[in-house]
Amino acid sequence: MATITLTPAADPVAIAQWLADRISAALDATDGPIAITVPGGRTPFPVLSALVKHDLPFARISVWPNDDRMVPEDHPASNLAKIRAVLEPAGAQIVGLEEGQTPPRFALALLGMGEDGHIASLFPNTDPQASAPARVIRITPDPLPPEAPFDRLSLTIPALVNTDALAFLITGDSIKRQLFEAGAKGENDLPVARLLAATDQTVECFC
């Protein structure tokens with residue numbers, strides 16, 4: 001079970017500083033490239049926009065989406081396109097998800113969480129398991145979110161916890177915070193609870 005560190009009322013600049021510190025430490029620990037994974041949606045992009053202002057060797061960083069909608073990259077619902085627009089100009093290498101991929105161990109996994117406790121595109125109906133053999137899977141949410149009614153590609157729990165640093169970004173939503181805290185205590189069986197039960201590391205939660 002994860003140990004949770006809650007950081008309330010953190011602004012995007014402060015969160016970006018935390019991310020930059022972890023990324024810098026990971027880069028200092030190797031001469032080669034590192035990989036990170038970040039969420040889509042609206043919440044992370046002010047943070048990512050602040051992150052690219054840091055003096056990091058972004059050319060050594062590959063960025064994987066936590067998940068993506070199965071749409072062309074020029075579609076407004078594409079997470080990949082939004083991530084690429086922010087991080088690629090800084091030099092980062094953006095990796096599109098494909099079913100059956102084997103991602104590397106991440107230096108950092110930044111996750112969001114939905115109001116139903118889903119993480120990446122691991123919705124409650126998909127019954128995500130910590131022992132899942134695949135690392136990238138195709139998923140059909142049920143019900144389909146009306147704002148994004150598409151099949152998804154998603155990293156699985158084993159891929160998401162295969163990381164040196166794990167953080168959640170659920171700022172400004174007290175209901176989500178309560179759901180997250182309940183999941184961290186094992187008081188529900190939602191995807192977020194299953195992920196937190198699958199790791200014994202300290203998890204930072206910006207809320």
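Helices (H or I, at least four residues) and strands (E, at least two) are DSSP runs, numbered from the N terminus.

The model is predicted: local features need pLDDT of at least 70 and side-chain atom pairs count only at pLDDT 80 or more, while totals for chains, interfaces and linings use all residues. Residues are numbered from 1 along each chain as its sequence is written, and side-chain values use heavy atoms, with hydrogens and water left out.

**The sheet**

Next, display the strands. Seven of them form an open sheet in the order S1-S10-S9-S6-S2-S3-S5, with parallel pairing; two strands pair if DSSP finds at least two bridges between them. S1 and strand S5 (93–94) stand at the edges with a single partner strand each, so one side of each is left without a neighbour in the sheet.

Now select strand S2 (34–38). Five of its five residues are buried, so S2 is largely enclosed by the rest of the structure; buried means under 20% relative accessible area, exposed over 50%, and partly exposed in between (1.4 Å probe, protein chains only). Ile34, Ile36 and Val38 cover one side, and Ala35 and Thr37 the other. S2 pairs with S3 in the parallel sense over five bridges, and Val38 has Pro65 as its bridge partner in S3.

**Helix H2 and the cores**

Select H2 (44–51). Six of its eight residues are buried, so H2 is largely enclosed by the rest of the structure. The buried residues are Pro44, Phe45, Val47, Leu48, Ala50 and Leu51, and their cover includes H1, S2, H3 and S9.

Then show the largest nonpolar core, with 34 residues; Leu19, Ile23, Leu51, Ile61, Val63 and Leu87 have the most contacts inside it. Such a core is a set of buried Ala, Val, Leu, Ile, Met, Phe, Trp, Tyr and Cys residues joined through side-chain atoms within 4.5 Å. H1 gives the largest share, eight residues. Centre on Leu87, which touches Leu48, Val52, Val63, Ala92 and Ile94, not counting residues up to four places away in sequence; contact means heavy atoms within 4.5 Å. Apart from this core lies another, of 31 residues, including Leu166, Leu195, Leu196 and Val203.

Return to H5, where the buried residues include Leu179, Phe180 and Ala182. The buried residues of H5 pack against strand S1 (3–7), S9, H6 and strand S10 (202–206). Gly186 follows H5 with a positive phi, near 75°.

Is Asn188 buried or exposed? Asn188 is buried, with a relative accessible area of 19%. A polar atom of its side chain lies 3.3 Å from the backbone nitrogen of Leu190. Beyond its neighbours within four places in sequence, Asn188 is in contact with Leu179, Ala182, Gly183 and Ala193.

Terms used. A polar contact is a pair of N or O atoms within 3.5 Å; within protein, one must be able to donate a hydrogen and the other to accept it, and residues adjacent in sequence count only if both atoms are side-chain atoms.
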